[in-house]
Amino acid sequence: MRWIGLVPLIGLIVACTPQDVPLPSRSAQFENYPERLLKTFEIGCDGPGEQFQRLGNRVFECSELLPPDTTAYLILNYDGYPQDLPTSVMRLTSTKNSTGYRVDADLYFDVPRRTGPAVQVPVESETLDKALTALYQAMGGSPAI
């Protein structure tokens with residue numbers, strides 16, 4: 001996903017919301033099914049090299065091809081397969097619970113290998129975590145730990 005492109009979209013959504021600053025979280029709790037959040041996620045995954053997938057009723061994924069230098073780094077460092085390029089992946093999973101719905105975000109690089117399963121390299125980013133928290137709040141969720 002164009003994470004850099006996602007940040008302005010999040011900024012636009014968040015601009016008119018209260019700016020209480022909770023701890024950044026990749027998870028949020030919603031009272032009702034977070035349809036607006038998931039629709040926004042799908043709409044935001046429409047750029048060049050991006051692909052949106054709905055994996056069942058509760059898992060939503062946006063993958064994107066990476067710049068050449070990042071691609072080369074991942075292939076070389078994780079025994080990647082150059083004929084099947086690595087992608088960045090953002091996956092949202094919605095789970096019904098006793099208080100509504102919990103949404104969890106996973107961010108990782110998916111590196112296919114010639115032999116064996118693909119490697120999923122976690123992405124750690126405080127900036128992205130803050131942006132996700134702001135998006136969750138703008139869409140009516142509360143950060144969850």
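**Close-up views of a predicted model**

Phe 41, Phe 52 and Phe 60 make up one aromatic cluster. The model is predicted: local features need pLDDT of at least 70, side-chain atom pairs count only at pLDDT 80 or more, and totals for chains, interfaces and linings use all residues. Residues are numbered from 1 along each chain as its sequence is written, and side-chain values use heavy atoms, with hydrogens and water left out.

**View 1. The aromatic cluster of Phe 41, Phe 52 and Phe 60.** The structure holds 4 aromatic pairs. Rings of Phe, Tyr and Trp (its six-membered ring) pair if their centres lie within 6.5 Å; planes under 30 degrees apart count as stacked, over 60 as edge-to-face and the rest as tilted. Phe 41 and Phe 52 pair edge-to-face, at 6.1 Å centre to centre and 70 degrees between the planes. Phe 41 belongs to helix H2 (residues 35–43) and Phe 52 to strand S2 (residues 50–55), so the pair ties together parts that are 11 residues apart in sequence. Helices (H or I, at least four residues) and strands (E, at least two) are DSSP runs, numbered from the N terminus. Phe 41 is buried, at 6% relative accessibility. Buried means under 20% relative accessible area, exposed over 50%, and partly exposed in between (1.4 Å probe, protein chains only).

**View 2. Strand S3 and its two pairings, with S2 and with S4.** Of the 7 residues of S3, 6 are buried, so the strand is largely enclosed by the rest of the structure. S2 and S3 pair antiparallel over 6 bridges. Two strands count as paired if DSSP finds at least two bridges between them. Arg 54 stands opposite Phe 60 of S3. The hairpin of S2 and S3 has 3 residues between the strands, and Gly 56 there takes a positive phi near 85 degrees. S3 and S4 also run antiparallel, joined by 7 bridges. Here Glu 61 stands opposite Arg 91 of S4.

**View 3. Glu 61 and its salt bridge to Arg 91.** Glu 61 sits in strand S3 (residues 59–65). Its relative accessible area is 9%, so Glu 61 is buried. Arg 91 is partly exposed, at 23% relative accessibility. The two side chains meet in a salt bridge (2.4 Å, N to O). This pair links distant parts of the chain, with Glu 61 in strand S3 and Arg 91 in strand S4, 30 residues apart. A salt bridge is a side-chain nitrogen of Lys or Arg within 4 Å of a carboxyl oxygen of Asp or Glu. Leaving aside neighbours within four places in sequence, Glu 61 is in contact with several residues, including Phe 41, Phe 52, Val 89, Arg 91 and Tyr 108. Contact means heavy atoms within 4.5 Å.

**View 4. Two further salt bridges, Asp 129 with Arg 26 and Arg 102 with Asp 104.** The whole structure contains 5 salt bridges. In the bridge of Asp 129 with Arg 26, the closest N and O atoms are 2.5 Å apart. Asp 129 lies in helix H4 (residues 126–138) and Arg 26 in the loop between helix H1 (3–14) and strand S1 (27–30), so the pair ties together parts that are 103 residues apart in sequence. Both Asp 129 and Arg 26 are buried. Arg 102 bridges to Asp 104, with the closest N and O atoms 2.9 Å apart. Arg 102 is partly exposed, with a relative accessible area of 24%. Asp 104 is partly exposed as well, at 21%.

View 5. Asp 79 is in the loop between H3 and strand S4 (87–97). Its phi is near 55 degrees, a positive value in a residue other than glycine. Most residues other than glycine have a negative phi. Asp 79 counts as exposed, at 52% relative accessibility.
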